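Here is a short briefing for a reader who is meeting this structure for the first time. Please look over the sequence and the model before reading on.

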Amino acid sequence: MEKKRTTIVLFSGDYDKAMAAYIIANGAAAYDHEVTIFHTFWGINALRKQQPVAVKKGFLEKMFAKMMPRGAEQLGLSKMQMLGMGPKMIKHVMKKHNALTLTQLVEMAQEQDIKLVTCTMTMDLLGLQKEELLDDITYAGVAAYLADAEQGNVNLFI
């Protein structure tokens, strides 16, 4: 029997939406699906290293780098920002209920061999370089994602 396939496009840079994508991805992998998460535009920030990396950039690329959150735990919420209190509150509630953080969900995805793909066109547009992103991820364009999605049983856009 052929393995089922799940593909997810993670476009959003919101913490709660990225959490949902990774919860679904890890759940699908636990059900023995072959899973791909294609990170594009603001979704790439979930894969940024938290520490700054010394790379050569032009002025605009430096500005994008300063404006974008660095790492999964720096992403904002889609709703209830409340002057920065919203993310702190949700993380407090998550800790109270022993829920995994987004960083832990990304690590779990890597342990389950979920294919984490970063859109190379978006990387070029935002001035991101491979050194700024987590290790063990794949770099590809939309055609590679479409090849995976074409074979997918479940395809989601978050």
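The points below go from the whole chain to single contacts.

This is a predicted model. The chain has six helices and five strands. Nine salt bridges and four aromatic pairs turn up in a search of the whole structure.

**Overall fold**

- Roughly 50 × 40 × 25 Å is the box filled by the C-alpha atoms, taken along the principal axes.
- Of the 158 residues, 40% are buried.
- Among contacts with a separation of 6 or more, 74% join residues 24 or more positions apart.
- The accessible surface of the chain is about 9,300 Å². Carbon and sulfur atoms hold 59% of that surface.

**Salt bridges around Arg-5**

- Glu-34 and Arg-5 form a salt bridge, at 3.3 Å from N to O. This pair links distant parts of the chain, with Glu-34 in strand 2 and Arg-5 in strand 1 (residues 5-10). The two residues are 29 residues apart.
- The partners of this bridge can be compared by cover. Glu-34 is partly exposed, because its relative accessibility is 38%. Arg-5 has 14% and so counts as buried; the cut-off for buried is under 20%.
- Arg-5 also forms a salt bridge with Asp-148, at 3.0 Å from N to O. Here strand 1 is linked to helix 6, across 143 residues.
- Arg-5 and Asp-148 are both buried.
- Shared partners join Arg-5, Glu-34, Lys-115 and Asp-148 into one network of salt bridges.

**A salt bridge at Lys-17**

- Lys-17 and Asp-14 meet through their side chains in a salt bridge of 3.7 Å, N to O.
- Lys-17 has a relative accessible area of 35%, so this residue is partly exposed.

**Aromatic pairs**

- What is the arrangement of the rings of Phe-38 and Tyr-145? The pair is tilted, with 5.2 Å centre to centre and 35° between the planes.
- Phe-38 lies in strand 2 (residues 34-39) and Tyr-145 in helix 6 (residues 142-150). The pair therefore ties together parts that are 107 residues apart in sequence.
- Both Phe-38 and Tyr-145 are buried.
- Phe-41 and Trp-42 form another pair, with ring centres 6.5 Å apart. Their planes stand at 65°, so the pair is edge-to-face; planes over 60 degrees apart count that way.
- Phe-41 is partly exposed, with a relative accessible area of 26%. Trp-42 is partly exposed too, at 36%.
- Ring pairs link Phe-41 and Trp-42 with Phe-11 and Phe-157 in a cluster.

- Strand 2 holds Glu-34, a salt-bridge partner of Arg-5. Strand 2 also holds Phe-38, the ring partner of Tyr-145.
- Helix 6 holds Asp-148, which is bridged to Arg-5. Helix 6 also holds Tyr-145.

**A nonpolar surface patch**

- Which residues form a nonpolar patch on the surface? They are Phe-59, Leu-60, Met-63 and Met-67.
- Together, these four have about 470 Å² of accessible area.
- Phe-59 is in helix 2 (residues 59-67).
- Is Phe-59 buried or exposed? Phe-59 counts as exposed, because its relative accessibility is 62%; the cut-off for exposed is over 50%.

- Glu-107 sits in helix 4 (residues 102-111).
- With a relative accessible area of 41%, Glu-107 is partly exposed.
- Glu-107 and Tyr-22 are 85 residues apart along the chain. Their C-alpha atoms are separated by 10.0 Å.

Methods: Residues numbered from 1 in each chain as written. Predicted model: local features only at pLDDT ≥ 70, side-chain atom pairs only at ≥ 80, totals over all residues. Heavy atoms only, no water. Patch = residues over 30% accessible without salt bridge, like charges linked within 9 Å, V, L, I, M, F, W, Y side chains within 5 Å. Areas by Shrake-Rupley, 256 points an atom, 1.4 Å probe, with all protein chains shown as cover. Helix = DSSP H or I, 4+ residues; strand = E, 2+ residues; numbered from the N terminus. Buried < 20%, exposed > 50% of the residue type's maximum accessible area, 1.4 Å probe, protein only. Contact = heavy atoms within 4.5 Å. Phe/Tyr/Trp six-rings, centres within 6.5 Å; stacked < 30°, edge-to-face > 60°.
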